[in-house]
Amino acid sequence: MSKKKILQGMIAGMAAVSIINVGSVKDVKADTVPTDVVAENNSISVRSPKKVWVYKEENGKRYMRLYDATNQVWLTDWILCA
């Protein structure tokens with residue numbers, strides 16, 4: 001196997017693990033951290049931002065990018081999945 005193939009495999013594996021970790025961390029936080037906080041006078045409301053992984057396929061390669069749907073801003077550059 002070439003060094004390039006090994007490196008691509010390692011990067012793909014790390015990306016897959018990070019996706020799994022993001023999902024599991026999100027589930028744990030959803031149960032333990034309140035997503036809505038309202039002040040006593042009901043004038044302030046704080047909500048956790050909604051983050052979404054966006055996928056695209058280009059030239060037979062799959063890419064992913066993290067998007068903050070609440071603030072409508074990209075959080076990462078395109079990352080090669082596999």
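User: Leaving aside neighbours within four places in sequence, which residues is arginine 65 in contact with?

Analyst: In this predicted model, arginine 65 touches Val52, Trp53, Val54, Trp74, Thr76, Asp77 and Trp78, once neighbours within four places in sequence are set aside.

User: Where is arginine 65 found?

Analyst: Arginine 65 belongs to strand β4, which covers residues 61-68.

User: Is arginine 65 buried or exposed, and what is the nearest side chain of opposite charge?

Analyst: Arginine 65 is buried, and the nearest side chain of opposite charge is aspartate 77, 4.5 Å away. That pair is not a salt bridge, because a side-chain nitrogen of Lys or Arg has to be within 4 Å of a carboxyl oxygen of Asp or Glu.

User: Which backbone oxygen lies 2.7 Å from a polar atom of the arginine 65 side chain?

Analyst: The backbone oxygen of threonine 76. Threonine 76 is also one of the residues in contact with arginine 65.

User: Now aspartate 68. Where is it found?

Analyst: Aspartate 68 is in strand β4 too, the run of residues 61-68.

User: What is the nearest side chain of opposite charge to aspartate 68, and how far away?

Analyst: Lysine 51, at 6.3 Å. Aspartate 68 is buried and has no salt bridge.

User: Which backbone nitrogen lies 3.0 Å from a polar atom of its side chain?

Analyst: The one of threonine 70.

User: And which residues is aspartate 68 in contact with, leaving aside its neighbours within four places in sequence?

Analyst: Pro49, Lys50, Val73 and Leu75.

User: How many salt bridges does the count come to?

Analyst: The count comes to 1 salt bridge. Glutamate 58 and lysine 56 form a salt bridge through their side chains, at 3.3 Å from N to O.

User: Why are glutamate 58 and lysine 56 classed as partly exposed?

Analyst: Glutamate 58 has a relative accessible area of 40%, so it is partly exposed. Lysine 56 is at 28% relative accessibility and therefore counts as partly exposed as well.

User: What about glutamate 57, where does it lie?

Analyst: Glutamate 57 lies in strand β3, residues 51-58. Its relative accessibility is 63%, so glutamate 57 counts as exposed.

User: Switching to the loops. What is the phi of asparagine 59, and where is its place?

Analyst: Asparagine 59 has a phi near 55°, which is positive although the residue is not a glycine. It sits in the loop between β3 and β4. Asparagine 59 is exposed because its relative accessible area is 76%.

User: And what is the phi of glutamine 72?

Analyst: Glutamine 72 has a positive phi of about 55°, and it is not a glycine either. Glutamine 72 is in the loop between β4 and β5, with β5 being 73-74. At 63% relative accessibility, glutamine 72 counts as exposed.

User: Zooming out, how many helices and strands are there in the chain, and what pattern does it follow?

Analyst: The chain has 1 helix and 6 strands. Along the sequence they run α-β-β-β-β-β-β.

User: What percentage of the residues count as buried?

Analyst: 9% of the 82 residues count as buried. Arginine 65 is one of the buried residues, and aspartate 68 is another.

Definitions and conventions. Residues numbered from 1 in each chain as written. Predicted model: local features only at pLDDT ≥ 70, side-chain atom pairs only at ≥ 80, totals over all residues. Heavy atoms only, no water. Helix = DSSP H or I, 4+ residues; strand = E, 2+ residues; numbered from the N terminus. Buried < 20%, exposed > 50% of the residue type's maximum accessible area, 1.4 Å probe, protein only. Lys, Arg positive; Asp, Glu negative; His and termini not counted. Polar contact = N/O pair within 3.5 Å; in protein donor to acceptor, adjacent residues only side chain to side chain. Contact = heavy atoms within 4.5 Å.
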